[in-house]
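Q: Please take a close look at the salt bridges in this model and at the helix that contributes to them. Keep to what can be read from the coordinates.

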Amino acid sequence: LYSDMLDIKLPGLYFMYWVFNQLPGGHEKSIHLGLLLVHAGALALFFALARKAFNLPVAAVATALFAVSALMPGVFGFAAHATQLIQLPVMGALLLLWNYDRNKENRSVLTLVWIGLLLGFAFTVKQPAVVFIVFAIGVLMLGDGSFLQKTGRSFVLGLASLVPFSAIAGYFFMQGRFDDFWLWTFIMPTAQTV
């Protein structure tokens, strides 16, 4: 990766492909099965979040619309693209964030760590997922408590969100290939957007 195979994506996407390839059915079938499982999990988490935010009928309709939209050709719902694959960790993190924000008596630092890890993993699958990390920190900063408490919560979540990327960067650094990794995952994509 980043020497024989050049790509501007972080390795989280390829890790998910590896996990999918451990499923039965052979390469193509196991990738589609993995995508189906990710979609099903994301839909279940989306339903749970919508039910908490609204009610059962709204959650059912919203989830059905979400599921149908994945079938539309322009969405590429049948292809295991990074955009589809970040849905599961992002939905899990958003559900945990909702519960954390609403349950003021049962707040746990471990919940913040899980939110950060899920969003950090989503970032390693597709870099634009950083928006969800910023969103989660914004929710915490707008929540209840003193400025110091809100800053502390945001720090924990932000630090946890760095763990997946730091592990990847550390791996490439120890392999003596950090420059290749940085070139293909940050310098090249940035140059393409300018």
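A: A salt bridge here is a side-chain nitrogen of Lys or Arg within 4 Å of a carboxyl oxygen of Asp or Glu. The model is predicted, and by this rule the count comes to three salt bridges.

One of them joins the side chains of Arg-102 and Asp-101, at 3.5 Å from N to O. Arg-102 is partly exposed at 46% relative accessibility, and Asp-101 is partly exposed at 23%.

Asp-144 takes part in a network of salt bridges with Arg-107 and Arg-153. The closest N and O atoms of Arg-107 and Asp-144 are 2.9 Å apart. Arg-107 sits in the loop between helices H5 (87-102) and H6 (109-125), and Asp-144 in the loop between H7 (130-142) and H8, so this pair ties together parts 37 residues apart in sequence. For Arg-153 and Asp-144, the closest N and O atoms are 3.9 Å apart. Asp-144 is partly exposed, with 30% relative accessibility. Arg-153 has 15% and counts as buried, because the cut-off for burial is under 20%.

Arg-153 is among the buried residues of H8, which also include Lys-150, Leu-157, Phe-165 and Phe-172. Helix H8 covers residues 147-174; at 1.5 Å a residue its 28 residues should span 40 Å, and the end C-alpha atoms are 39 Å apart, which agrees. After H8 comes Gly-176, with a positive phi near 75°.

Key. Residues numbered from 1 in each chain as written. Predicted model: local features only at pLDDT ≥ 70, side-chain atom pairs only at ≥ 80, totals over all residues. Heavy atoms only, no water. Helix = DSSP H or I, 4+ residues; strand = E, 2+ residues; numbered from the N terminus. Expected span 1.5 Å × (residues − 1). Buried < 20%, exposed > 50% of the residue type's maximum accessible area, 1.4 Å probe, protein only.
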